[in-house]
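Student: Could you walk me through this protein, a bit at a time? I'd like to ask things as we go.

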Amino acid sequence: EPRDVLVYLTPIKGTQVLDKDIINCLYDINDLIVGTTTTYEGETLTYDNRCYKPDGINCEVQSLIDYWNSKSTMQGDPNIFATITAPGYTKQGLPIVKQQVMGAITYDSNGVVAGAEALQYTLSTKTVGGSKARSKSNEWSKQAVDNVRAYSCPYANVNPWSSASQQEVSGSNIRGDLIKFFAGFVLLFLYCVLVLSSSSWIHSRTLLALSSLFAICLAIIASYGIASLIGQKWNQVVNILPFLLLGLGVDDTFVIIDMVKKTKAPVGVQDVITIMYSRIPRSVARAGASILVTSLTDMVAFFAGSYTNTEGLRVFCIFAGFGILFDFIFQITFFLGWLVLDVRRSTKNRLDWCCCIGERQPPVPCCSCPCFKPTQPFDEDEGRPIRVVITHVSRLILTIPGKLVVLTVCAVLLGFGIYGATKLQTEFSSRWFVPTDSWIQDTFEVQDKYFNGGSPYAAAYTKTGDYASATVQVDMWNIGQALRTNPYAQSSTVNSWSDCFVAWTVCNKGVAGT
């Protein structure tokens with residue numbers, strides 16, 4: 001599976017790229033790529049040991065410079081347009097497909113090439129030898145692209161590309177999003193504090209919210225580690241997993257806390273510690289059953305999705321399944337331990353962020369306002385801000401105008417949802433991970449405009465057979481004809497070794513030894 005290094009040239013002035021000065025730049029770029037060297041794990045990587053050689057001798061290169069033996073030959077060519085119009089061959093002896101080396105080709109009335117607006121240089125690198133060989137080729141191709149990017153042609157815009165360079169740019173963009181991820185993490189932390197806290201400084205529970213988020217982080221790390229340990233390879237789709245686990249983990253925390261609040265203390269028991277150790281086990285037993293069912297359902301759904309043939313989705317489902325499993329484990333172990341410590345702290349009237357200061361009983365007024373007040377742990381009348389908001393919203397919704405608004409909004413959303421479902425398309429592009437202001441976007445623009453989005457060719461391989469037999473040769477010829485008549489293929493770009501072999505046989509018919 002060769003991987004390509006592509007270079008595009010477009011004229012700075014006008015639209016004519018078939019100019020000797022610009023072709024000189026193409027020769028310079030070829031020399032830069034041929035002279036590229038770098039190291040990988042102590043090994044020197046060069047053009048000769050990283051390029052793909054189908055015949056075992058010559059590197060697979062497709063470029064306009066294949067029409068001439070050297071730069072001096074091109075410079076001395078009295079009519080480069082006639083040379084380009086005539087059939088040309090690569091170093092492997094394959095015909096040069098003009099549409100693969102030039103974009104927006106124009107012809108005169110005699111069928112002679114009159115101009116083109118873009119040039120494409122294609123080098124295939126070898127990847128045979130497993131992941132290490134691919135890593136070597138990626139490292140070398142990135143260096144080659146960097147060398148080309150540092151080159152300046154006074155007559156043409158130079159836009160290089162390689163899959164390794166695109167992955168590097170995408171990775172840098174994703175790593176840059178870590179700041180946004182941590183910003184979202186902080187916002188979610190503040191939201192947890194808002195939901196879990198109350199007007200009492202003792203029951204603000206910021207540390208409890210932080211322990212919940214830390215438990216989720218442990219689940220993320222554990223899921224990445226276990227999935228990688230069993231051989232699953234990380235991909236860019238997995239990047240959304242932390243956001244998924246944050247939402248699910250915080251929801252489990254809310255369920256546990258809410259159930260603790262709703263569990264009443266034993267009748268007749270006055271000791272705070274006894275109340276605490278009575279309410280928490282009973283409430284967690286009920287909450288644990290709830291989050292177990294939801295977690296188990298999510299795990300089954302994701303692990304079932306791991307049987308899909310789409311590699312990226314399959315790996316994501318495996319990572320997500322382990323993430324949900326570990327989130328459940330850490331919520332009922334790690335977070336539950338912090339919940340007990342938080343209740344113990346609050347029963348002793350210690351401040352949330354200053355739990356080591358010591359007990360103050362009775363409360364001491366501060367600036368004519370009590371800084372904190374003694375309360376029973378998880379008092380039902382704490383007056384949480386979120387409860388106040390929900391109370392007012394629920395009262396508003398239960399009015400006649402509120403009901404009408406809810407029904408109208410739901411109907412509109414349903415209508416838009418049905419309409420949007422009819423417009424749904426399955427589409428994916430690795431370009432979505434490239435920043436809009438990246439240098440590689442210029443390369444994409446040239447690819448899309450002149451070379452079908454950077455996919456210059458496709459290859460079809462046949463199975464082992466008796467290719468010396470006339471029957472197989474006829475079948476091979478039919479395959480070529482089928483590709484030429486395919487409405488989705490440009491017939492002039494279809495090349496078949498079988499056709500070349502037949503043509504060579506016809507031309508050499510009767511010659512001894514053929």
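**Talking through the model**

Tutor: Let's begin with the record: the unreviewed UniProt entry annotates "transmembrane region" at residues 178-196, 208-231, 237-257, 284-307, 313-341 and 404-421. UniProt positions are given in the numbering used here, feature names are shortened, and annotations may be inferred rather than shown by experiment. Keep in mind that this is a predicted model, where local features need pLDDT of at least 70, side-chain atom pairs count only at pLDDT 80 or more, and totals for chains, interfaces and linings use all residues. Residues are numbered from 1 along each chain as its sequence is written, and side-chain values use heavy atoms, with hydrogens and water left out.

Student: Take residues 208-231: how far apart are the end C-alpha atoms?

Tutor: Helices (H or I, at least four residues) and strands (E, at least two) are DSSP runs, numbered from the N terminus. Over residues 208-231 the chain is 92% helix and 0% strand, and its end C-alpha atoms are separated by 35 Å.

Student: Is Phe214 buried, partly exposed or exposed?

Tutor: Phe214 sits in helix H9, residues 206-229. Buried means under 20% relative accessible area, exposed over 50%, and partly exposed in between (1.4 Å probe, protein chains only). Phe214 comes out at 46% relative accessibility, so we call it partly exposed.

Student: Which residue in S8 is the bridge partner of Gln62?

Tutor: Strand S4 (residues 61-62) and strand S8 run antiparallel and are joined by two bridges. Two strands pair if DSSP finds at least two bridges between them. Within S8, Gln62 has as its bridge partner Thr122.

Student: How many residues of strand S8 are buried?

Tutor: Side chains in a regular strand alternate between the two faces of the sheet. In S8, Ala118, Gln120, Thr122 and Ser124 point one way, Leu119, Tyr121, Leu123 and Thr125 point the other way, and all are buried. For S8, residues 118-125, that makes the buried count eight of eight.

Student: Why do the buried residues of H15 line one face of the helix?

Tutor: The buried ones in H15 are Ile440, Thr443, Phe444, Val446, Gln447 and Tyr450. They line one face because, seen down the axis of H15, they fall within an arc of 165°; the arc is that of the directions from the helix axis to the C-beta atoms. On the other side of H15 are two exposed residues, Glu445 and Lys449. So the reason for that one face is the arc of 165°.

Student: Which residue has a side chain joined to that of Ser165 by a polar contact?

Tutor: Ser165 lies in helix H7, residues 163-176, and is buried at 4% relative accessible area. A polar contact is a pair of N or O atoms within 3.5 Å; within protein, one must be able to donate a hydrogen and the other to accept it, and residues adjacent in sequence count only if both atoms are side-chain atoms. At 2.9 Å, the side chain of Ser165 makes such a contact with that of Ser162.

Student: Last one: what is the relative accessible area of Ala460?

Tutor: Ala460 lies in the loop between helix H15 (440-450) and helix H16 (470-484). Ala460 is exposed, and its relative accessible area is 64%.
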